[in-house]
Amino acid sequence: MYSAANQIYIFLHDKLAGHGVPESAIIIASYAIPCAIVLGIISGIAGMLTYLERKISADIQNRVGPNRVGPFGLLQFPVDGIKLLLKEDIIPDAVDKKLFKLAPYLVFTSTVLASMVIPFGGSFIVADLNIGLIFIIVVSSLLVVGFLMSGWASNNKWALLGGIRSAAQIISYEIPTALSLLTIILITGTFSMQEIVMAQGPWPWQWFIFHNPFTFITFFIFFISSLAEMNRTPFDFPEAESELVSGYNVEYSGMRFALFFAAEFSSIFITASLATAVFLGGGNIGMHPYESGLGWQLLMVGVFFAKAVPLCLVTIWVRWTLPRLRIDQMMSMCWKYFIPISFVCLVMTAVWMLALGGDGMLWRMAQR
Amino acid sequence: MSKYSTQEMVLNMGPHHPSTHGVLRFILQTDGEMMVKATPDIGFLHRGIEKIAERVPWQAFMPYTDRIDYLASLNCNLGYALAVERLAGISVPEKAEYLRVIGAELTRIGSHFIGAGAMLLDLGAVTPFVHALRERETFNDLIEMLCGARLTHNYVRIGGVSQDLPAGFKEKCLGFVDHLEYEFLDEFNDMISYNTILINRLANVGVISAEEAEDYTLTGPNLRGSGVAFDLRRDDSYSIYDRFDFDVPVGSGKFGVLGDSYDRYWVRIEEIVQSCRVIRQALKQMPESGEVRTKLPKLFTVPAGEIYVRTEAPRGELGYYIISDGGKNPFRVKIRTGSFSAMTIIEHLSQGVMVADLVAIIGSLDVVAPEIDR
Amino acid sequence: MTVQQTDIIKAIKDRLGAAAQSVEEMKNNDIMVVVEKDSLVQAMHTLKTGEGLRFTTLMNQLGADYRDSLAVIYNLYSPTLRQKVTVKAFLDREQPEVHSLENLFRGINWYERETYDMLGIRFAGHNNLKRLLLPEDWSGFPLRKDYVYPESYGGIETGRTDLLDNPISAGKSHV
């Protein structure tokens with residue numbers, strides 16, 4: 001199993017073992033370095049997405065958006081981050097202090113943990129686990145615990161309502177998400193993210209989204225269900241500003257609030273990356289990821305981002321266009337429509353694989 | 001006694017609340033997501049306008065009427081001026097009548113933008129609200145040209161209006177009205193009014209039958225949304241409204257049941273179109289020159305008597321019951337507003353709906369706190 | 001006064017009989033009916049449901065302080081006759097009480113609460129006669145002519161002082 005941590009361990013071991021650096025330090029460093037890099041990248045992208053959200057929403061609403069802090073307002077998000085860091089850390093008296101402090105970390109961790117297995121193109125993947133896809137699905141369930149914790153610990157009825165609604169929503173929509181991803185497993189036969197990317201090809205008709213009509217439907221089910229997982233409009237009922245005054249994070253201020261916020265925006269990017277890797281052949285340009293030269297690998301990273309970023313923009317676009325659904329409409333849509341449709345797609349993909357072998361529909365056409 | 005039991009939750013919604021309905025407070029008794037009852041608690045914006053009326057002269061009370069519904073000030077001014085003029089037998093010049101009608105219909109358009117927009121904001125559609133506010137900016141500019149103020153207009157005087165049209169107003173107004181009716185509203189409706197999610201949120205929610213609407217003294221778009229075709233401008237005509245040709249939009253169960261929230265919202269959107277028609281006709285028929293104000297002494301007296309005059313304000317019927325004892329100040333002024341009666345029905349409608357629906361219902365009834373509390 | 005209005009006045013006089021103290025024309029297409037406070041409910045019932053009368057729409061309800069007595073005033077409208085009618089009943093200043101009309105017009109609930117709040121007129125049979133606009137613990141009824149502004153509320157002084165620190169009485173109008 002390839003992993004960047006492994007590579008770094010080998011590199012550091014060669015360089016430093018002879019000089020008396022203890023083995024444990026090398027092991028820790030070889031794990032810490034790629035994690036820190038990815039954390040930095042994801043946080044940076046999340047910050048960039050907050051800026052993009054403000055600019056895009058301004059454009060949709062015929063306004064200007066941030067344009068004073070730095071050129072075109074680009075420095076807005078670091079400045080906002082610094083401001084939140086410097087804010088007074090208010091912990092209300094009546095909250096459950098341990099849970100209150102723990103909840104944001106749990107939420108942020110669960111979202112960023114999924115980025116450990118995202119194949120950013122080429123050999124830039126922290127750890128290519130052979131259970132990669134399942135790992136992502138599992139780890140994103142920690143989100144529920146975090147939200148429930150924050151809702152309960154805030155000692156505030158509105159926060160509690162928000163937390164409960166959020167938990168119900170996320171748990172329900174995990175099922176269509178997982179089912180859609182499992183549909184792809186039928187085609188590839190492996191959970192490893194890098195192999196899923198390699199099983200696709202550089203051309204659009206070789207992507208899994210066009211493999212058969214059912215994976216096409218599955219892509220949209222996956223995308224919409226992950227909007228619900230992220231609590232984005234039209235599913236942002238738990239944090240409906242005008243109804244619940246921001247739901248489960250109403251009592252949080254300063255950096256703790258920033259962590260919730262960053263978790264939401266990182267999950268936008270991680271969902272988009274997941275969709276790219278699994279459905280859109282992210283980063284695959286027909287060359288071997290581990291043995292190509294650095295230039296080709298950087299090209300693969302570029303292709304990956306070129307596919308993931310438009311999906312982020314679509315997420316932002318949808319938020320500012322649609323009103324929000326009511327909680328019972330949301331639940332009925334999940335249980336009465338999405339889950340049956342995903343099951344049908346799963347079964348029909350299996351039938352397709354059985355009947356027509358493993359090739360995609362358009363790839364066959366392209367071959368003629 | 002069962003070991004498990006559920007307990008009702010008592011929640012407090014407001015007075016600080018991110019909806020633009022003003023300072024309203026609701027005490028919600030909910031059983032999880034379904035509501036048992038919502039009790040409104042009003043009075044946060046009570047300024048004692050009716051008491052103030054007894055202490056200021058007749059003409060000086062006009063700015064106070066602005067603040068009865070500051071989103072539609074001109075209509076509130078108009079009602080008071082009509083009541084005093086009819087009680088005292090003061091005549092109004094022709095041009096002033098036309099200016100009053102133009103101002104009142106423009107204010108109706110501006111007020112409906114906020115009314116419909118605020119409801120959409122509550123339902124999570126932020127963009128249409130911002131678009132509606134952008135159009136309202138043009139309305140603010142027009143009214144500023146007319147009377148110098150953007151929000152509390154104080155344009156109508158007893159015996160006319162305060163000043164004449166400035167140059168360039170007619171063209172700008174016609175341009176605004178054409179832009180609204182032929183460009184903006186089509187785009188707006190495509191974006192949000194026909195949106196499936198909005199229809200699912202509003203249709204079959206908060207259904208008020210025509211009977212209930214009359215029983216609870218609902219007026220204006222709330223009453224018309226339930227199918228009752230009663231518009232004061234046509235059926236109990238005042239000022240010069242009988243010279244104009246306009247339709248009265250009535251709810252018809254467009255996407256759900258007759259009298260649901262979507263009908264009330266749709267009636268407001270259609271009323272914008274009708275107001276555009278009236279403004280065009282008024283601008284064409286208005287005399288080019290003429291007095292805009294009957295000369296009156298600053299502190300005039302009104303002969304003793306009582307009168308009740310009602311006008312069609314954007315949020316319902318705005319009625320002034322004025323008692324005069326022949327003095328320099330009014331003896332008693334009672335202001336009857338449309339939002340006050342709309343609030344009385346919320347407690348009744350809120351039984352057995354979800355919290356999210358309550359927000360939709362309040363938004364579709366278009367209540368504003370200053371009208372309720374005065 | 002139109003012929004139709006004369007007919008309606010005659011019809012009201014006939015139907016209400018002794019209950020109505022006076023039925024007269026009023027400005028703006030209106031008819032003023034003054035009734036005894038004890039026959040108010042009966043009169044309103046007749047006006048609302050009577051044949052040929054049908055004043056089914058309640059437009060407004062208010063109270064007023066006429067210095068020597070209080071009064072409660074109702075504005076009704078008949079969509080079929082297109083006619084307004086105002087019903088007034090004078091009440092004793094010391095103990096102003098009248099029966100609630102909630103059974104006839106459900107929406108009158110809050111109007112009566114406001115009249116109680118502002119003028120102290122009690123409505124018998126009202127299901128929730130509490131203050132509506134003013135805080136629960138407010139003392140006094142503001143719209144009465146002999147109302148004295150409280151010196152302080154909840155520990156906060158309500159008076160103002162001029163530049164020389166002389167108190168300005170809240171009761172004086174400065175016009």
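How many salt bridges are there between chain C and chain B? The count is seven, where a salt bridge is a side-chain nitrogen of Lys or Arg within 4 Å of a carboxyl oxygen of Asp or Glu. The points below begin with that interface.

1. **Basis.** This is a predicted model, in which local features need pLDDT of at least 70, side-chain atom pairs count only at pLDDT 80 or more, and totals for chains, interfaces and linings use all residues. Residues are numbered from 1 along each chain as its sequence is written, chains are lettered from A and ligands numbered from 1 in the order in which they are written, and side-chain values use heavy atoms, with hydrogens and water left out.

2. **Chain C against chain B, extent.** The contact (heavy atoms within 4.5 Å) takes 43 residues from chain C and 40 residues from chain B. Together the two chains bury about 3700 Å², with 53% of it on carbon and sulfur atoms. Buried area here is the accessible area (1.4 Å probe) that two parts lose on being put together, summed over both. On the side of chain C, Arg106(C), Trp110(C) and Leu133(C) lose the most area to chain B, together 19% of what that side buries.

3. **Chain C against chain B, pairs and elements.** One salt bridge is formed by the side chains of Lys88(C) and Glu306(B), at 2.7 Å from N to O. There are also 17 residue pairs in polar contact between chain C and chain B (both at pLDDT 80 or more). A polar contact is a pair of N or O atoms within 3.5 Å; within protein, one must be able to donate a hydrogen and the other to accept it, and residues adjacent in sequence count only if both atoms are side-chain atoms. Strand E2 (30–35), E3, strand E4 (70–78), E5 and helix H3 (108–119) of chain C each supply at least two residues of the side that touches chain B. Helices (H or I, at least four residues) and strands (E, at least two) are DSSP runs, numbered from the N terminus. E3(C) gives the most, with eight residues. By class, this side of chain C has 23 nonpolar, eight polar and 12 charged residues. Ala, Val, Leu, Ile, Met, Phe, Trp, Tyr, Cys and Pro count as nonpolar, Asp, Glu, Lys and Arg as charged, and the others, Gly among them, as polar.

4. **Chain A against chain B.** This contact takes 24 residues from chain A and 33 residues from chain B. The area buried is about 2400 Å², of which carbon and sulfur atoms give 61%. Seven residue pairs are in polar contact across the interface (both at pLDDT 80 or more). Helix H7 (157–188), helix H10 (241–244) and helix H13 (327–356) of chain A each supply at least two residues of the side that touches chain B, and the largest share, four residues, comes from H7(A). That side divides into 11 nonpolar, five polar and eight charged residues.

5. **The A–B salt bridge.** Between chain A and chain B the count is one salt bridge. Arg326(A) forms it with Asp357(B), the closest N and O atoms being 2.7 Å apart. Asp357(B) lies in helix H13 (residues 355–365) of chain B. Is Asp357(B) buried or exposed? Asp357(B) counts as buried because its relative accessibility is 7%; buried means under 20% relative accessible area, exposed over 50%, partly exposed in between (1.4 Å probe, protein chains only). Not counting residues up to four places away in sequence, Asp357(B) touches Arg326(A), Arg201(B) and Val205(B).

6. **Salt bridges within chains.** Over all chains the count comes to 48 salt bridges. In chain B, Arg100(B) and Glu85(B) meet at 2.6 Å, N to O. This pair links distant parts of the chain, with Arg100(B) in helix H4 (residues 94–122) and Glu85(B) in helix H3 (residues 73–88), 15 residues apart. Arg100(B) is buried at 0%, and Glu85(B) is buried at 5%. The salt bridge of Arg67(B) and Asp66(B) is at 3.6 Å, N to O; Arg67(B) is partly exposed at 36%, whereas Asp66(B) is buried at 0%.

7. **Helix H6 of chain A.** H6(A) (residues 142–153) has 12 residues, which should span 16 Å at 1.5 Å a residue. The expected span is 1.5 Å times one less than the number of residues. The end C-alpha atoms are 17 Å apart, which agrees. Among the buried residues of H6(A) are Leu143(A), Phe147(A) and Met149(A). What covers the buried residues includes helix H4 (97–113) and helix H5 (132–139) of chain A. Asn155(A), whose phi is positive, near 55°, follows H6(A).
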